[in-house]
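Hi everyone, thanks for making time this morning. I'd like to walk you through a contact between two chains, and then stop at one residue. Let me put it on the screen.

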Number of protein chains: 2
Amino acid sequence: MDIAALRRELDGLKVEDNEKIVQQKSRDFYWYSPLLKRELEHVTGDLIVSPKSEAEVIRVLAACHRLGIPVTPRGAGTGNYGQAMPLSGGVVLSLAEMTEVKSIASGRVVCQPGAIIADIDRATRTHSGQELRLHPSTYNTASIGGFIAGGSGGVGSINFGGLRDFGNVLRLRVVTMEAEPRVLELTGENLHKVTHAYGTNGIITEVEMPLTASYDWVDLIVGFDTFMAAARYGNALACQDGILTKLITPIAAPAPFAYFKRHQKFLREGQSICVVMVAPHALDAFLAFTRREGGEIVYSAAIASPEDKKGLPPAYELAWNHTTLRALRVDPAITYLQSLYPFPNQLALVENMEKMFPGEVFSHLEFVRFDGNITCFGLPLVKFTTEERLDEIIRLHEENGCPIFNPHRYTLEEGGMKQTDAIQLAFKREADPRGLLNPGKMIAWENPDYDYRSEKTFLFKGLQAG
Amino acid sequence: MDIAALRRELDGLKVEDNEKIVQQKSRDFYWYSPLLKRELEHVTGDLIVSPKSEAEVIRVLAACHRLGIPVTPRGAGTGNYGQAMPLSGGVVLSLAEMTEVKSIASGRVVCQPGAIIADIDRATRTHSGQELRLHPSTYNTASIGGFIAGGSGGVGSINFGGLRDFGNVLRLRVVTMEAEPRVLELTGENLHKVTHAYGTNGIITEVEMPLTASYDWVDLIVGFDTFMAAARYGNALACQDGILTKLITPIAAPAPFAYFKRHQKFLREGQSICVVMVAPHALDAFLAFTRREGGEIVYSAAIASPEDKKGLPPAYELAWNHTTLRALRVDPAITYLQSLYPFPNQLALVENMEKMFPGEVFSHLEFVRFDGNITCFGLPLVKFTTEERLDEIIRLHEENGCPIFNPHRYTLEEGGMKQTDAIQLAFKREADPRGLLNPGKMIAWENPDYDYRSEKTFLFKGLQAG
């Protein structure tokens, strides 16, 4: 890899080769997984390049194409599965400097991929009382481009479903990795080519996202004596079509009291909870509903004193992947899974899984809309012992009808649908014919004959030696 | 009934006793039903009183209470089941002069009950880009108070469910009919006391409604060769969590071509359609989805020429009860039903009913959210022959799992859940102890022993002689 030649070609661009910084910027939150921690700890790029414009992105891609140097794009590095880690080294293309919010209109915002999600919302709220439909729990640090390339949903999915659903991304500008990179505008079904593709088949240089009405969401925690009471409450609340919420998150004891240190004063040991974000004008109806359902409001931002609120993280930083983060901070032996409890049997499936691993797996649900129905994903916390036991827990979920999106794998397929995404693969053939973009992440490209039923972890041959 | 004494007591209030005008203002769209037309044609009040303030409402109620004169409240008279018709005569209390929009905030509007729904939306759009969540097809003529007292849902129910769901009405001020009328503020579960109670247990003098983001909704018509193709498409579109729509209305041939005269130039004879309202920023995704599903866009307001658009009614005036109105204008023998196709079997139930009455019943569906799921109501058009046959068509729906909300009855119970609403009844005991408010509409009050399984039409003894 002729990094020296590349440096000459990139004269005038922002480039970083300090080893420590390069290593730091080559990582994401892969260490949530003890398996990925072991496998990827040594992975590092050779150079961080931070373009400030689409023209500079094109220069980088053309040069790397010429020199055969891999390019792994990266937003803010808040992903979880090594999705932005350069498995074969080369250039880490940081989009973090491309942060412009270009235009805001009714229902729409256009911005550069490196814009931080909370910053976009600040701009759209000020402009016209609007906000993005969906955001990850890393709202304050994640970039919009990284969310589109690596995320699948999050806070707001209770109203709008997932990022890959029609209508949740409006338009993407994408630069291809060819001798002369092309700039493509994708809309409608063409968006599926690059959403949640980890940047393996094009570099996003501009995004247009739908907006919805913004509110000063009210954080609440509802307490229950048992986890299933919290889960049933969450499901029933999610089915209330007139009560506008943005987050409905049941979490089983002992996690809330044990891991939510700053909220501990509001909680009892052994208490399961449901974390909720409610629109201010829905609060009356929410409280009436919660009273009827027998939920106990243990924390309400609407009536908490300034002193009570001091230092409290927002509700969404107790939810989605932040639940895991808080658990890990207290107990480094914790890891997690990502599961789906398919409609209409979600509550029965949740109850089965809740009973199966006492003291070892702590349930954590996120209610969402999914193909028009209410159901829930899970991000259960797991006390990690061995890889074999982790695999067994995964197997027991899947055998019992709860698909696992394995967060202990770095490939798109193993973490996702466990099959070739023909659309993404075809687009990679077109947009990255030399296979230089984020190598090792798309099995369908690396090994078209890989057998997904083998239960064998895919090993990328190009992975840097440890 | 001492109307002369009442006139003296109401000195200074706006009162109308011209017989023709009183009769006109004593009617609603009851004539959609040939049965109600026969039963209620002779019904008329003695006096129309139009208070301009809550204080004047209180004066009217106190005076009528003293004199034992019935009071039947009325918004704009756009209801369908004689719900605002004074069965025992007396005062028709028109709220049409109380039209003030009092305040608008994020997610909330406060107004008087006589405000026309379209006028409220104009005010909230101008103020802050917001609009009401739900409205009837009589958007341009219906009052908000009438909608709350007599409606159940409509355009927007695909996103927010029904009017009686928690959160779809925020607060109501209600005046009781007692010697000294009280003013009550109802929120949360207490709202169920008076929503959809036809004004039988209190007079609404102020409403607070939730708002949502307003958009310049795009009207579209999608054409299909068969009705079931249109129904399946509507169901699938409704399940697209990321495509923001406000109306999804499949209508079977021959109705569209035969009855939608102003849209006829866009339609083929024998064509079934799905009428849709889509948010502008959802249009790309909507078109991609519709292409994938094999729907043919026969009309799109986004690309129609000014000449094409000239004189066209808005999409919502092809839907809900306006479908019936348009059919009636062309064929006076048409009447209709109101049905529910319960989730998750809605499409199979729709198909059963579609086959059962060829040439006699024309399917018309409205997709909605209902307890968190997507399903559909029906407002099928019926070629009326006899009362017996109409009853048989109703019976065949119910025997096949499709509940009918009978629009050929003037009581709350027969048109709705066919059981006593204990909450509404208890509140009537408290708020209208002499039973003077809209007499004859609540069976539970008039005859607590009425047997809902008798299949006998309830006959109100106090109904004016014909």
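Before any counts, here is the ground rule: when I say contact, I mean heavy atoms within 4.5 Å. This is a predicted model, so please keep in mind that local features need pLDDT of at least 70 and side-chain atom pairs count only at pLDDT 80 or more, while totals for chains, interfaces and linings use all residues. Residues are numbered from 1 along each chain as its sequence is written, chains are lettered from A and ligands numbered from 1 in the order in which they are written, and side-chain values use heavy atoms, with hydrogens and water left out.

Now the polar side of things. Twelve residue pairs are in polar contact between chain A and chain B, both at pLDDT 80 or more. That term means a pair of N or O atoms within 3.5 Å; within protein, one must be able to donate a hydrogen and the other to accept it, and residues adjacent in sequence count only if both atoms are side-chain atoms. The rule also finds two salt bridges across this interface, a salt bridge being a side-chain nitrogen of Lys or Arg within 4 Å of a carboxyl oxygen of Asp or Glu. In a salt bridge, B:R291 meets A:E189 at 3.1 Å, N to O.

How are the two copies related? A rotation of 180° with 0.0 Å of shift along its axis puts chain A on chain B, with an RMSD of 0.0 Å, fitted by least squares on the C-alpha atoms of residues with pLDDT of at least 70 in both. The copies are thus related as by a two-fold rotation axis. The same surface serves both: 100% of the contact residues of chain A recur in chain B.

Last stop, A:P250. Is A:P250 buried or exposed? A:P250 is buried, at 0% relative accessible area, where buried means under 20%, exposed over 50%, and partly exposed in between (1.4 Å probe, protein chains only). Leaving out residues up to four places away in sequence, A:P250 touches several residues, including A:F227, A:I273 and A:F367.
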